[in-house]
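Biologist: Please show me the model. I have some questions about it.

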2 protein chains.
Amino acid sequence: MAVSYIHCVQYSWKVSSRGRVSVSSSVYGGNHLKNRSACVVFASNNKIDKVETLLDSVKWDDKGLAVAIAQNVDTGAILMQGFVNRDAVAKTISSRKATFYSRSRSTLWTKGETSMNFINIHDIFIDCDRDSIIYLGKPDGPTCHTGAETCYYTRVSDLLEPPETETQGDKLAETTLYSLESTISQRKAELELPQNGKPSWTKRLLLNSDLLCSKVREEADELCRTLEENEDKSRTASEMADVLYHAMVLLALKDVKMEDVLQVLRKRFSQSGIEEKKIRVSQG
Amino acid sequence: MAVSYIHCVQYSWKVSSRGRVSVSSSVYGGNHLKNRSACVVFASNNKIDKVETLLDSVKWDDKGLAVAIAQNVDTGAILMQGFVNRDAVAKTISSRKATFYSRSRSTLWTKGETSMNFINIHDIFIDCDRDSIIYLGKPDGPTCHTGAETCYYTRVSDLLEPPETETQGDKLAETTLYSLESTISQRKAELELPQNGKPSWTKRLLLNSDLLCSKVREEADELCRTLEENEDKSRTASEMADVLYHAMVLLALKDVKMEDVLQVLRKRFSQSGIEEKKIRVSQG
């Protein structure tokens, strides 16, 4: 365990050649920088000490628990929420798989140990009160035991006012970008059904690749012109919204998810920084 | 209270002219549709009943609490996490401001009642276990009492391995898109400092609008060609990543945040659906 957890969070989890251990009482402030000269080399036990010090700094409740929220590192979707004790956090750090404490079974459980849909940890954050944790990770598959992508598929407003049709039920908690993606995807699915009346703009774009591509190019051009012609910021935001929307219709046509695109961006980052990679490419 | 909470969640929170009250035991499944013929008209008290039925369905813990997570509806950032009791959820529904129960003070508190940085509710979701809630909302300002945008600005890996420089400290929990945005923004800020060596690709783009605009147009064109020339999905994802990255450098130059862009998209949705709006525009 002492060996594996040092690689938990990408890049920054590794122990430096100096084997620094100065977390101590300065974890809340910026004073740890002053302590560097006191750092100790050779850190196998020190790594354990660091994690223990970290765990000591968590404000566990009267049952020794804190809240942990698993969030998709690419989309930001909240996948699930559970509780954690010291061992659950230590195991998450060591295994890089989101691990919780089951209050009903009084045991540790790693999400995915049965379903194999693990949540692979990229980063862990703790809040200002030190009693709430974010597991920022990449899920191997649907997180919910029901097979849903996340556990949050029940909209309170739908409970208070049931939707008009079955197809409107079970809407995932989605933020703006993914709500747009779902709408476009729904329009695409509706193209398989008999059409009534004039098709919506999204459907017209989905049915006409020439129109769609001309719009993507046009909107990119208009975005650029807000810079070239020094237009105001609201124009830039509006044109970027147009670029995003039309490009996302193209993604839907190609069956590419925004999550796939973000994964590409994250992987580029994680190699050597996007600009360093780009400059290598541009310099051939 | 009976009047105001019916407008809590945009669009779907209003009571229909039929004043339906059929939440009852069918809230977990789809059977509520069968109950519509039994719906009762005139709903002022019924609205209260509906919320009470909903609150009855929550699995409150032994202290009468559940977890509530406030999430930015546009960016997906987890703003804060607190606990809620029945009254806190009812008040959130009625006021459209994220409200919690303070375990230390044993009182309700609405985020923003002191700072005026309210979290304005757009939607509420509950998880499959019925003991965890997402408040999907738009914050009026920074959520954390420290002035940080969210309460999650402490990276566990930085506690275990303090960053090399002060400027690397206090990194918000950011998902891929916003992590990229922060990196670009940091490169822009670095342009104010004395430059050493060759500038990165991002800096070159930031310093040369002609180059940047030619790249935005070129990447949009390449994205279209993956559709026109029937290239594989991975090419589409890769080209879309290029479009996003270069367009985001342009946004940084214009001081426009991705959050502003997403807000434009959300507002377009919320008027009459993006395609309906678009078709009106295109039909002049």
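Modeller: Ser106(B) has 49% relative accessibility, so it counts as partly exposed (buried is under 20% relative accessible area, exposed over 50%, partly exposed in between; 1.4 Å probe, protein chains only). This is a predicted model: local features need pLDDT of at least 70, side-chain atom pairs count only at pLDDT 80 or more, and totals for chains, interfaces and linings use all residues. Residues are numbered from 1 along each chain as its sequence is written, chains are lettered from A and ligands numbered from 1 in the order in which they are written, and side-chain values use heavy atoms, with hydrogens and water left out.

Biologist: What is the phi of Ser106(B)?

Modeller: Ser106(B) sits in the loop between strands S3 (99-102) and S4 (107-110) of chain B (strands are DSSP runs of E, at least two residues, numbered from the N terminus). Ser106(B) is not a glycine, yet its phi is positive, at about 50 degrees.

Biologist: Is Arg130(B) buried or exposed?

Modeller: Arg130(B) lies in the loop between strands S5 (119-126) and S6 (132-139) of chain B. Its phi is also positive, near 65 degrees. The relative accessible area of Arg130(B) is 2%, so Arg130(B) is buried.

Note on methods. Helices (H or I, at least four residues) and strands (E, at least two) are DSSP runs, numbered from the N terminus.
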